[in-house]
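Here are a few notes to read alongside the model. Have the viewer open and follow each point in turn.

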Amino acid sequence: MAQETQNHLAKEPQNKQAKETQNQQAKETQKQQAKETQNQQAKETQNQQAKETQNQQATKKRKRNTVYIYGNYKAYYNYRVDKNVGEDPRLAVLKKEWFEGRRCLDIGCNQGLMTISIAKKFSCESIVGVDIDGTLIETAKWNLRRVVKKEQSEVTKTSEKEHGSQDKVSESSVRSLIDRVSFWKENIVQNEHAFSDQYDTILCLSVTKWIHLNWGDDGLITLFAKIWNLLRPGGTLILEPQPWSSYKRNRLVSEVASMNFKNILLEPSCFPEILLDKIGFRSWENISTNVKGSNAGFNRPIFAFYK
Ligand SMILES: C[S@@+](CC[C@H](N)C(=O)[O-])C[C@H]1O[C@@H](n2cnc3c(N)ncnc32)[C@H](O)[C@@H]1O
């Protein structure tokens, strides 16, 4: 019995040591595992970040590589208008009498921002914006709804302040913006839809180069003849042609464009002569001398041609 007790007492420190060793080993294993998990997580985060960077670079490259063969840029107004100016500087040189109470057409309206601004600033009777790109036309319609909504909430706030209730008259004036402005998809060079109206004023701003590059001199003459037919006698064409130097920059957007570029005879400097002598306009003037606030590359001449 005494021997047994002695043995037992001798084993106790051994057990304790073994336990401590076990605990230490367990702790080390835990530490090791925690480190491994950390390393794995760090690696996963790194991989995730690398993937995101790759995706971002791919999106940027795709955007850079997107070719807008009709000048149908999706963010045209972001880089056209100087952010410090806010309003499109071309609005400052347009005369009220060309628009107020008039029926107007905006050829190549892009996302409709200039079209809507003209309708708002000058109270046209109506203005139609047409563009070859259906997606841009959808965006233009969305822009119109957005502007109308914003105006509606401003009118509500003002009339609540002034009269303590909503003002029906102001409401109807806002509603009329949506009745006065419309957008259609239309390739102006081809007869997709028959226009039922003639217009008092037609805008064709920064569009001629794209028509010229895609349909050559014939396309340009078709455009001018169409404008002439769509304009009522006494009406005005507001034309902003791109200069010849900018054709050179875009001549490689497509094979068709480079082929047409080589064959173009009617350079933009001849447009006034063509519109007066061949198409039949009575007179013209340069209205762009006061345009200030366009970003670099957009200081183009703007002409008014009178039928
Ligand atoms: C450079 S943007 C000018 C936008 C706008 N007129 C302005 O100056 O603010 C040219 C626009 O013309 C449109 N366009 C080009 N060819 C066209 C065509 N044959 N018929 C209608 N729109 C056309 C493009 O889709 C594009 O939105």
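1. How many bridges join strand 2 to strand 3, and in which sense do the two run? Strand 3 covers residues 181-185, and five bridges join it to strand 2, with the two running parallel. Asp 131 sits opposite Lys 185 of strand 3. Strands here are DSSP runs of E with at least two residues, helices are runs of H or I with at least four, and both are numbered from the N terminus. Two strands pair if DSSP finds at least two bridges between them.

2. Before going on, a word on the source. This is a predicted model, where local features need pLDDT of at least 70 and side-chain atom pairs count only at pLDDT 80 or more, while totals for chains, interfaces and linings use all residues. Residues are numbered from 1 along each chain as its sequence is written.

3. Strand 1 pairs with strand 2 in the parallel sense over five bridges, and Asp 106 stands opposite Gly 129 in strand 2. Five of the six residues of strand 2 are buried, so the strand is largely enclosed by the rest of the structure. (Buried means 20 or more other C-beta atoms within 10 Å of the residue's own, exposed means 12 or fewer, and partly exposed is in between; C-beta atoms are placed from the backbone.)

4. Finally, check the loops. Asn 110, between strand 1 (103-107) and helix 3 (113-122), has a positive phi near 55° without being a glycine. Asn 110 counts as buried because it has 25 C-beta neighbours inside 10 Å.
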